[in-house]
Amino acid sequence: TEIAPYAFAGAKVSKVTLHENVTAIGKYAFMNAALTTFDFGGAPISAIEEGTFYGSKLTAIDLSGVTYVGDGAFARSAIRTFTSSGLTELGNGVFSGCENLATVGISDVKKMGDRVFVGCISLESITIPAVTEMGAYTFYGASSLTEVTVAEGAKTLGEYTFIGTPVVTVNMLSNDITAIEKGAFCQAAALTDLTLPASVKR
């Protein structure tokens, strides 16, 4: 009922459909695989572990029903479109080096690790969900990012969140943010439109 760690690492398989009895996928299971299509097939997978799709050719995935994505799960992959429903936690560097990533749906996420979108050079806009915890350097190297919305209910922005990005507009919809951490907008020289809510204390 489990796909073992590294089971298809480097494999030339291009399409995978899981049997409904599969309950877990091991770390780095599809690392550097030629995989372009992945279908959960009704399998009750609740977690995508560390490095599962690292460096794969996968371009799109819908993680409805998955609640946790581990460190570097999609790092350096060809992923362009990522959608989810019920996903509550992203580990460190989940999309690090995903140069094609352009569309992201993470509306239910509450916790984000460090460097989640580092080097995502095709990402132009994103909505930061109602996070209660957010790591550092979230968008470092996201050299096309110009527009960000911070969703209602978000409570913090992490350290050096937008460092060095060309972000122009940050739409703060949340009145619950109490902390904008050290260096959040450091070297964001293009920023012209930002209104901080009254809830910010530091």
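This tour goes through a predicted model one selection at a time.

Start by selecting residues 125-128, which make up strand β12. This strand belongs to an open sheet of four strands, and the order to follow across it is β12-β14-β16-β18, with parallel pairing. At the other edge is β18, residues 193-194. Both β12 and β18 have a single partner strand, so one side of each is left without a neighbour in the sheet.

Now move to the middle of the sheet. Select residues 147-150 for β14 and residues 169-172 for β16. The two strands run parallel and are joined by four bridges. To see how they line up, show Val148, which stands opposite Val170 in β16.

Keep Val170 on screen and turn to the next strand. β16 and β18 also pair in the parallel sense, over two bridges. Here Val170 stands opposite Leu194 in β18. In a regular strand, side chains alternate between the two faces of the sheet.

Next, select β6 (60-62), then β8, residues 81-83, then β10, residues 103-104. These form an open sheet of three strands in the order β6-β8-β10, with parallel pairing. The edge strands are β6 and β10, and each pairs on one side only.

Between β6 and β8 there are three bridges, and the two strands run parallel. Show Asp62 here: opposite this residue stands Thr83 in β8.

**Ser84**

Continue to Ser84, in the loop between β8 and β9 (89-90). Is Ser84 buried or exposed? Its relative accessibility is 14%, so Ser84 counts as buried. The side chain of Ser84 reaches the backbone oxygen of Gly105 at 2.7 Å. Select the surroundings as well: leaving aside neighbours within four places in sequence, Ser84 is in contact with Asp62, Leu63, Ser64, Gly105 and Ile106.

**Aromatic pairs**

Show the aromatic side chains. How many aromatic pairs does the structure hold? There are 16. A pair of rings is described by the distance of the centres and the angle of the planes.

Pick Phe38 and Phe53. Their ring centres are 5.1 Å apart and their planes stand at 80°, so the pair is edge-to-face. It links distant parts of the chain: Phe38 is in strand β4 (residues 37-39), while Phe53 is in the loop between β5 (47-48) and β6, 15 residues apart. Phe38 counts as buried at 9% relative accessibility, and Phe53 is buried with a relative accessible area of 0%.

Then pick Phe162 and Phe185. This pair is stacked, with 5.2 Å centre to centre and 20° between the planes. Phe162 lies in the loop between β15 (156-157) and β16, and Phe185 lies in the loop between β17 (179-180) and β18, 23 residues apart. At 0% relative accessibility, Phe162 counts as buried.

One more ring is worth a stop. Select Tyr137 and Arg115: Arg115 lies over the face of Tyr137, at 4.7 Å from the ring centre.

**The nonpolar core**

Which residues of the largest nonpolar core touch the most other members? They are Phe38, Phe74, Phe95 and Phe117, in a core of 57 residues. The elements that give two or more residues to this core are β12, β14 and β16.

Centre the view on Phe95. Apart from neighbours within four places in sequence, Phe95 is in contact with Phe74, Ala75, Ile79, Phe82, Leu101, Val116, Phe117, Val118 and Cys120.

Finish with the backbone. Most residues other than glycine have a negative phi.

Select Tyr28, in the loop between β3 (24-25) and β4. Tyr28 is not a glycine, yet has a positive phi of about 55°. At 18% relative accessibility, Tyr28 counts as buried.

Gln187 is exposed, with a relative accessible area of 60%.

Definitions and conventions: Residues are numbered from 1 along each chain as its sequence is written. This is a predicted model: local features need pLDDT of at least 70, side-chain atom pairs count only at pLDDT 80 or more; totals for chains, interfaces and linings use all residues. Side-chain values use heavy atoms; hydrogens and water are left out. Two strands pair if DSSP finds at least two bridges between them. Rings of Phe, Tyr and Trp (its six-membered ring) pair if their centres lie within 6.5 Å; planes under 30 degrees apart count as stacked, over 60 as edge-to-face and the rest as tilted. Buried means under 20% relative accessible area, exposed over 50%, partly exposed in between (1.4 Å probe, protein chains only). A charge sits over a ring if NZ of Lys or CZ of Arg is within 6 Å of the ring centre and within 35 degrees of the ring normal. A polar contact is a pair of N or O atoms within 3.5 Å; within protein, one must be able to donate a hydrogen and the other to accept it, and residues adjacent in sequence count only if both atoms are side-chain atoms. Contact means heavy atoms within 4.5 Å. A nonpolar core is a set of buried Ala, Val, Leu, Ile, Met, Phe, Trp, Tyr and Cys residues joined through side-chain atoms within 4.5 Å.
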